[in-house]
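Work through the exercises below with the sequence and the coordinates open. Try each task before reading its solution.

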Amino acid sequence: APTRSAIDNLLEENIPSERIFCTGNTVIDALEMVANCGMSCPPALEGVRDPILLTLHRRENHGKIARDIFQAIRDLARYYPDQTFVYPVHPNPAVKSLAHEILGESQNVILTPPMSYGEFVYTMKHARFILTDSGGVQEEAPSLGVPVFVLREETERPEGIAAGAAALIGTSPAALI
């Protein structure tokens, strides 16, 4: 198990304690290895400082929810014209077409193709904060010292929230703004 709370969950499922070992989180081990070995800045972000990083891909957020989130990002981009928003666009056509439709003409929103892991770690590490529905990003960003706002109604990764490194804000545009 990666954490004490994961151990507690296993114990509640009657897994014998002698069969449970706290190993830590191998995702964070990999993140630290990449973050410490030099990452490259994605070409689209050359000269960009302290971007707000967005990731959005979960199926439960497709459709109206994604539309509302993208419209809220567009509104924030208009309200904060000196702030750069970066969205490595998920390749799912339902997400990709909507992102380009709503955010494509925003001057301070950069829509990039999916990034390599090294580029993504670089972008996370240099972000002002992250807006995400990704479980993995909820784990990784706090390890980089970057605040995370979780665009979900609930999460299976409560550790970042319990530690105060992440906030579960839901999916409503009002909450996001």
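A polar contact is a pair of N or O atoms within 3.5 Å; within protein, one of the two must be able to donate a hydrogen and the other to accept it. The model is predicted.

**Exercise 1. An aspartate in helix 3**

Solution. 
Step 1. Now apply the salt-bridge test, a side-chain nitrogen of Lys or Arg within 4 Å of a carboxyl oxygen of Asp or Glu. The side chains of Asp68 and Lys64 meet in a salt bridge, at 2.6 Å from N to O.
Step 2. Check the spacing. Both residues lie in helix 3 (residues 64–79), four residues apart, about one turn of the helix. An α-helix has 3.6 residues a turn, so residues three or four places apart point the same way.
Step 3. Classify the partner. Lys64 has 60% relative accessibility, so it counts as exposed.

**Exercise 2. Other salt bridges**

Task: How many salt bridges does a search of the whole structure find? Which residue meets Arg67 in a salt bridge?

Solution. 
Step 1. The search of the whole structure finds eleven.
Step 2. Arg67 pairs with Glu101, with 3.1 Å from N to O. This pair links distant parts of the chain: Arg67 belongs to helix 3 and Glu101 to helix 4 (residues 93–103), 34 residues apart.
Step 3. Arg67, at 30% relative accessibility, counts as partly exposed. Glu101, at 54%, counts as exposed.
Step 4. Asp75 forms a salt bridge with Arg74, and their closest N and O atoms are 3.7 Å apart. Asp75 is partly exposed, with a relative accessible area of 34%.
Step 5. Look for a network. Salt bridges link Arg58, Glu60, Glu139, Arg152, Glu156 and Arg157.

**Exercise 3. Helix 2 against helix 5**

Task: Describe how helix 2 and helix 5 pack, and name the residues that meet.

Solution. 
Step 1. Two packed helices are described by the angle between their axes and the distance between the axes.
Step 2. For helix 2 (residues 26–36) and helix 5 (residues 117–125), the angle is about 85 degrees and the axes are 10 Å apart.
Step 3. Angles of 65 to 115 degrees count as roughly perpendicular, so helix 2 is roughly perpendicular to helix 5.
Step 4. List the contact residues. Helix 2 brings Leu31, Val34 and Ala35. Helix 5 brings Tyr117, Gly118, Val121, Met124 and Lys125.
Step 5. Sort this contact by class. It has six nonpolar residues, one polar and one charged.

**Exercise 4. Helix 6 and its ends**

Task: Which residues of helix 6 are buried, and which residue caps its N-terminal end?

Solution. 
Step 1. In helix 6 (residues 135–143), the buried residues are Gly135, Val137, Gln138, Glu140 and Ala141.
Step 2. These pack against helix 2, strand 1 (52–55), helix 5, strand 4 (129–132) and strand 5 (148–150).
Step 3. The N-terminal cap is Ser134, with a side-chain oxygen 3.3 Å from the backbone nitrogen of Gly136.
Step 4. Ser134 lies in the loop between strand 4 and helix 6. With a relative accessible area of 11%, Ser134 is buried.
Step 5. Set aside neighbours within four places in sequence. Ser134 is then in contact with Thr55, His57 and Arg152.
Step 6. Go to the other side. Just after helix 6, Gly145 takes a positive phi of about 80 degrees.

Technical notes:
Residues numbered from 1 in each chain as written. Predicted model: local features only at pLDDT ≥ 70, side-chain atom pairs only at ≥ 80, totals over all residues. Heavy atoms only, no water. Axes fitted to C-alpha atoms, helices over the stretch in contact; angles between N-to-C directions. Helix = DSSP H or I, 4+ residues; strand = E, 2+ residues; numbered from the N terminus. Parallel < 35°, antiparallel > 145°, perpendicular 65-115°, else oblique. Contact = heavy atoms within 4.5 Å. Nonpolar A, V, L, I, M, F, W, Y, C, P; charged D, E, K, R; others polar. Buried < 20%, exposed > 50% of the residue type's maximum accessible area, 1.4 Å probe, protein only.
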